[in-house]
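Biologist: Could we go through this structure together, term by term? I would like each label set against its cut-off.

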Amino acid sequence: MKARVLVIEDEPEINELISLYLNHEGIETLSCSTGEEGLAKITAGDVDLAVLDINLPGMDGYEVLQALRKKHNFPVIIVSARTDDADMILGFGYGADDFVTKPFSPRVLAARVRAHLRRKAEYSEQKTEVLFGPFVLDIDARSLLKRNAEADSFEQIALSPKETELLINLARNRGKPRNSEELYSSVWGNEYGDIATVAVHIQRLRKKIEDDPSEPRFILTMKGIGYMLSPGGPA
């Protein structure tokens, strides 16, 4: 299974054991021992799932979970020695997708990781509509609609074919930054060329979507990384 999993665990033996079993399943892993380092790795590159310990030095797991949920919606599996129902409820309340108590079977954890990644992939393949703010992006129809709450109706936003494909690409990778080279290759079909056209089309999209293109809410610039469709849901 082609995927990248971030393991945030401060006990070296457990961190190494989780990574070993996931690597055996063909899943790439990134490892770190602090929440701060974990958030930095998430910002720096694509992560498909995180395995997160609660008792971490510095930021604890709950704080990490709250911080990453502001920008990312990939699955998070909490691994913790805490067994109280209150801890589980708190974790799910902050946005965790699963809760595994220590000690655990690494084989079972790997199976849970595979299950969450499989559901994530199936959802991405089946999803034909993406909602953000007042907008509905219909991927099959290649159209963008904006809801007028007062009139309880929708108006179509006119997009060029490349603007449409660019927005769809951002939507399919929602919550994950895409750099200009990746977007140019995916949308324009060329590995080499004038990638400055990506920034031009991003600006055009913002003028049609954002209330204030200079302070975008939906199509975000991740400094030094690329562009990202905000992971937040409808307004």
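Modeller: Gladly, and let us start with the elements: helices (H or I, at least four residues) and strands (E, at least two) are DSSP runs, numbered from the N terminus. With those names, Gly58 is placed in the loop between β3 and α3. This is a predicted model, in which local features need pLDDT of at least 70 and side-chain atom pairs count only at pLDDT 80 or more, while totals for chains, interfaces and linings use all residues. Residues are numbered from 1 along each chain as its sequence is written, and side-chain values use heavy atoms, with hydrogens and water left out.

Biologist: Why is Gly58 called exposed?

Modeller: Buried means under 20% relative accessible area, exposed over 50%, and partly exposed in between (1.4 Å probe, protein chains only). Gly58 has a relative accessible area of 66%, so the residue is exposed.

Biologist: Which residues is Gly58 in contact with, leaving aside its neighbours within four places in sequence?

Modeller: Contact means heavy atoms within 4.5 Å, and with those neighbours set aside, Gly58 touches Glu36 and Glu63. Gly35 is 23 residues from Gly58 in sequence, with 7.2 Å between their C-alpha atoms.

Biologist: What makes the buried residues of α3 lie on the same side?

Modeller: In helix α3 (residues 61-69), the buried ones are Gly61, Tyr62, Val64, Leu65 and Leu68. They cover an arc of only 160 degrees around the axis, so they sit on the same side of α3; the arc is that of the directions from the helix axis to the C-beta atoms. Their packing partners are β1 (4-8), α2 (35-44), β3 (49-53), β4 (76-80) and α4 (85-93).

Biologist: How do you know that the span of α1 is close to the expected one?

Modeller: The expected span of a helix is 1.5 Å times one less than its number of residues. Helix α1 (residues 12-24) has 13 residues and reaches 18 Å from first C-alpha to last, close to the expected 18 Å. Its buried residues are Ile14, Asn15, Ile18, Ser19 and Leu22. They cover an arc of only 130 degrees, which puts them on the same side of α1. Pro12, Glu13, Glu16, Leu20 and His24 are exposed on the other side. After α1 comes Gly26, with a positive phi near 85 degrees.

Biologist: Why is the pair of Phe135 and Phe218 called edge-to-face?

Modeller: Rings of Phe, Tyr and Trp (its six-membered ring) pair if their centres lie within 6.5 Å; planes under 30 degrees apart count as stacked, over 60 as edge-to-face and the rest as tilted. By this rule there are 5 aromatic pairs. The rings of Phe135 and Phe218 have centres 5.9 Å apart and planes at 85 degrees, so this pair is edge-to-face. Phe135 lies in strand β7 (residues 135-138) and Phe218 in the loop between α8 (196-209) and β10 (219-222), so the pair ties together parts 83 residues apart in sequence. Phe135, at 1% relative accessibility, is buried, and so is Phe218 at 6%. Phe132, Phe135 and Phe218 form one aromatic cluster.

Biologist: What makes the chain as compact as a globular protein of that length?

Modeller: The chain has 8 helices and 11 strands. Its radius of gyration is 19 Å, close to the 18 Å that the globule rule gives for 235 residues, so the chain is as compact as a globular protein of that length. That radius is taken over C-alpha atoms, and the rule is 2.2 Å times the number of residues to the power 0.38. Buried residues make up 43% of the 235.
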